[in-house]
Amino acid sequence: MHQKEQLLQKLKHQNEQLNDYAHLVSHDLKSSLRSLSALLTWVKEDCVEKIGEESVGNLNLMEAKIEKMDKFLEDIINYSEIGAKNLKTNTIDLNKKVINIIESLEVPKNINIVIINNLPILKADARRLRQVFENLISNAVNFNDKENGLVEIGVEEKEDFYTFSIKDNGQGIAKEYHEKIFNTFTTLGYHEKSTGMGLSIVKRVLELYGGDIWLESEVLKGTTFYFTFPKK
Amino acid sequence: MRKSLNILLVEDDMIEIMKFNRTISKLAYPHNIVEAKNGEEALDILYKNESLPDIILLDLNMPKINGLEFLSIIRKNDHFKYIPTVILTSSNDHKDVTECHQLGIAGYLVKPLKFSDYAESIKTVLDYWCFNEFVQA
C-alpha cells in the first residue's frame with residue numbers, strides 16, 4: 001500500500017512537471033509565432049506590388065497557418081493550466097454569464113442561440129466554467145450546416161446536481177465518434193478555428209468538479225451535449 | 001494634452017523592438033524612446049538619468065532581472081515608484097496578472113498575434129497617457 005502511494009505521488013509530480021513543460025514550450029513558441037507574423041505582415045506591406053498575385057496568395061496562406069498554430073498553442077496552454085490546485089471559487093449567475101459568452105462569440109446571422117430555461121447560480125471557478133460553456137456553444141455554432149441554425153441551452157435540476165444541455169440542429173455525430181471526440185486533438189470536420197482541444201478542455205474541467213459529459217446525436221439532424229455539475 | 005512622451009521600453013526581443021519602433025514611427029506625434037534589453041539595463045538607465053521617463057513599457061520574460069523583479073524594485077524606490085508602468089507581455093498567465101496588479105501597474109497588455117492589432121493597442125495606450133498629468137520626480 002505504501003509503495004502504491006509513493007508511486008501515485010511520483011506520477012502526480014511527473015504529471016505536473018509535464019504540464020509546466022507544455023506551458024513553457026507553448027509560450028516560447030507563441031512568441032516566435034508573433035515575430036513571424038509581424039515580419040510576414042511587413043513583407044506583405046512592402047512587397048505586394050512587386051511579387052505578384054500568386055505569391056501574395058501564398059503569404060496569405062502562411063498567415064492563416066500562423067493564426068491557426070497560435071490558436072492551437074493557446075489551447076494547449078489553456079489545457080495545461082487546468083488543475084485542482086489553481087481552482088478559485090466564484091459565485092456565478094449563469095444567466096448573465098452565458099449571455100456574456102454568447103455576445104463574445106462570432107455568431108453568424110443565420111444561427112439563433114436561445115436559453116430555454118432559467119439558469120442557476122453556481123459556485124465554481126468562473127474562468128473554467130466559462131471554458132465549458134464557451135467551447136460547447138462555439139462548437140454548436142461553428143459546425144452548424146443548416147440554413148436556420150438553432151442552438152438551445154437548457155438545464156434540469158436534480159437533487160445534488162444540475163444537468164445542462166446544449167442542443168444544436170447541425171450535422172450530427174456518428175455513434176462511433178461519441179467517445180473519441182473527447183480525446184485531445186480530435187476533430188471531426190474542418191473549421192478554421194478548430195484545434196481539437198475544445199472538448200478535452202471541457203472534459204478536464206468537468207472531471208475536476210466530478211461532473212460528467214455525454215451526447216446524444218442523430219446524423220444530419222443535430223446533437224445534444226449533456227453535462228452534469230454538482231450543486232456543492 | 002501633451003504631444004510626446006518620454007518612454008522607457010524594456011524589452012529583450014529584437015523583433016518586438018522593431019515592432020514597437022515601426023508602430024511609433026507611424027504615429028502622428030514623435031515620442032521619445034529609450035530602449036533597455038532587460039531589467040538590469042533599465043535600472044542603470046533610471047539611476048543614471050536626471051530626468052525620469054513619463055512611462056515605462058515593460059516585458060515580463062527577460063534575462064537577468066526579469067519584468068516582475070524590475071517592477072518590485074522600482075515600486076519600492078521612492079524616486080521611481082510613481083512612474084506609470086504598463087506591462088507588455090505574451091503571457092496572460094493568471095499568476096502574472098495578479099502579481100503585477102499587486103505590485104502596482106498602470107496597465108497589462110497581452111501582445112496580440114497580428115501586427116495591426118498590436119499597433120492599434122500601442123497607439124491606444126500612448127494616446128491615453130498623452131492626456132495624463134504625471135508626477136515629476
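Reader: Which helix of chain A does A:Arg130 lie in?
Author: A:Arg130 is in helix H3, residues 126-142. Helices (H or I, at least four residues) and strands (E, at least two) are DSSP runs, numbered from the N terminus. This is a predicted model: local features need pLDDT of at least 70, side-chain atom pairs count only at pLDDT 80 or more, and totals for chains, interfaces and linings use all residues. Residues are numbered from 1 along each chain as its sequence is written, and chains are lettered from A and ligands numbered from 1 in the order in which they are written.

Reader: Why does A:Arg130 count as partly exposed?
Author: Because A:Arg130 has 18 C-beta neighbours inside 10 Å. Buried takes 20 or more other C-beta atoms within 10 Å of a residue's own, exposed 12 or fewer, and partly exposed is in between; C-beta atoms are placed from the backbone.

Reader: What does A:Arg130 touch, not counting residues up to four places away in sequence?
Author: A:Lys97 and A:Ile101. Contact means C-beta atoms, placed from the backbone, within 7 Å.

Reader: New topic. How is chain A divided?
Author: Into domain 1 (1-81) and domain 2 (88-230). Those bounds come from an automatic or database domain assignment.

Reader: How many residues does the contact take from each domain of chain A?
Author: Seven from domain 1 of chain A and eight from domain 2 of chain A.

Reader: And how far apart are the C-alpha centres of the two domains of chain A?
Author: They lie 25 Å apart.

Reader: How many helices and strands does chain A have?
Author: Four helices and seven strands. Along the sequence, the pattern is α-β-α-β-β-α-β-β-α-β-β.

Technical notes
Two residues are in contact if their C-beta atoms, placed from the backbone, lie within 7 Å.
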